[in-house]
Each structure stands twice: as C-alpha cells, then as structure tokens.
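Open the model in your viewer and keep the sequence panel beside it. Each stop below gives a selection and then what is there.

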Amino acid sequence: MQTPSRTAPPDCLAAPARSVAYSADGGAIAVGHVDGSVAVFEAEKLQPLATVHERKRTISAMAYSPDGLFLAVGSADRFIDIYDCGANYKRCGTLKGHAQEVRGLRWVALTPTLPLPLTLTLTLTLTLPLP
C-alpha cells in the first residue's frame, strides 16, 4: 500500500522557503519565504491557515511560543514580528534595534508568565529585546 504524499498546493508557496517552525502541539507549520512572506499551514493536510507579508527581505528565523499562542518571525531586515496565533496570525508587536539579520529565535521564560523571544544575530551576539 502506498503512503499518500503531503504536498502543499503550489499557489500557497509564494516564493522559495528559507525557514520553518512547528507549533508546540504539532498542529501548524509556518514557512518563511525569501520575499518576506510567511505562510501557515494546518500540519495534517497542509491546508493554508494564514498568510502574512510584513517584510521585504528574507524570513530567516521563526519560533512558536511554548504555549503556542504566538509566533515570532525574524527577518533579514533586522526586525522580529510577533503574531497572535489565535487572531488569525495578526501582528501584535515588532521588536526593533537588531544590529544585523536575525538568524535564530528561541522563546525563553523570564518568569512563568512572561515568555520573551531570545534572538541570535549573525555575529552570535545574544540580545534580549524588551517590549
């Protein structure tokens, strides 16, 4: 018996992909593209859930918050956008001031109720932006 393949419809992938993130519950996959767009898919059938296009340069890093409520998206134009997953991935914040392209993201809980994204720049300097 042949396993059915899971491929996203070509029209959902606006440009070549550069980064990917999986939600904590495994229910969603976010794909960052070289044109600055992000497409979010339902993980099981790869049905499109949302598309956002806030940046002009490559989406170079993404990470879902541990509780799955937010998606942090880092770009080559040195911004981190925060999206509210429960509000159809509406942007709810932007972290500015990175010296170089955002190359990695990880959520770190400073307190049990205050998770913030920790970023890694190209020079491997750790920066903790405060809102």
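**Stop 1: D81**

Select D81. It lies in strand β7, residues 80-84. Strands here are DSSP runs of E with at least two residues, helices are runs of H or I with at least four residues, and both are numbered from the N terminus. The model is predicted, so local features need pLDDT of at least 70 and side-chain atom pairs count only at pLDDT 80 or more, while totals for chains, interfaces and linings use all residues. Residues are numbered from 1 along each chain as its sequence is written, and side-chain values use heavy atoms, with hydrogens and water left out.

Is D81 buried or exposed? D81 is buried, because its relative accessible area is 1%. The cut-offs are under 20% for buried, over 50% for exposed and in between for partly exposed, with a 1.4 Å probe and protein chains only.

Now show what surrounds D81. Neighbours within four places in sequence aside, D81 is in contact with E54, R55, L71, A72, V73, R91, G93 and T94. Contact means heavy atoms within 4.5 Å.

A polar contact of 2.9 Å joins it to the side chain of D81. A polar contact is a pair of N or O atoms within 3.5 Å; within protein, one must be able to donate a hydrogen and the other to accept it, and residues adjacent in sequence count only if both atoms are side-chain atoms. The side chains of D81 and R91 also make a polar contact, at 3.4 Å.

**Stop 2: the salt bridges**

How many salt bridges are there? The count comes to four. The rule asks for a side-chain nitrogen of Lys or Arg within 4 Å of a carboxyl oxygen of Asp or Glu.

Select R55 together with D81. Their side chains meet in a salt bridge of 2.9 Å, N to O. This pair links distant parts of the chain, 26 residues apart: D81 sits in strand β7, R55 in the loop between β4 and β5 (59-64). Both D81 and R55 are buried.

Next, select R91. R91 and D81 meet in a salt bridge of 3.4 Å, N to O. Here too the pair links distant parts of the chain, with D81 in β7 and R91 in strand β8 (residues 90-95), 10 residues apart. R91 counts as partly exposed, because its relative accessibility is 34%.

Move on to R103 and E101. They form a salt bridge whose closest N and O atoms are 3.5 Å apart. R103 is at 39% relative accessibility, so it counts as partly exposed. E101, at 19%, is buried. Now show E54, R55, D81 and R91 as one group: salt bridges that share partners join them into one network.

**Stop 3**

Select β7 and β8. They pair in the antiparallel sense over five bridges. Strands count as paired if DSSP finds at least two bridges between them. Across the pairing, I82 stands opposite G93 in β8.

The hairpin has five residues between its strands. Select N88, found in the loop between β7 and β8. N88 is not a glycine, yet its phi is positive, about 55 degrees. With a relative accessible area of 54%, N88 is exposed.

Step to Y89, in the loop between β7 and β8. Its phi is near 60 degrees, again a positive value in a residue other than glycine. Y89 is buried, with a relative accessible area of 8%.

**Stop 4: the four-stranded sheet**

Select β1 to β4. They form an open sheet in the order β1-β2-β3-β4, with antiparallel pairing. β1 (17-22) and β4 (48-53) stand at the edges; each has a single partner strand, so one side of each is left without a neighbour in the sheet. The twist averages 15 degrees from one strand to the next. Axes are lines fitted to C-alpha atoms, for helices over the stretch in contact, and angles run from 0 to 180 degrees between N-to-C directions.

Zoom in on β2 (residues 28-33) and β3 (residues 37-42). Five bridges join these antiparallel strands. G32 has V38 in β3 as its bridge partner.

**Stop 5: the whole chain**

Zoom out and colour by secondary structure. The chain has zero helices and 11 strands. Of its 131 residues, 42% count as buried. Among contacts between residues at least 6 apart in sequence, 31% join residues at least 24 apart.
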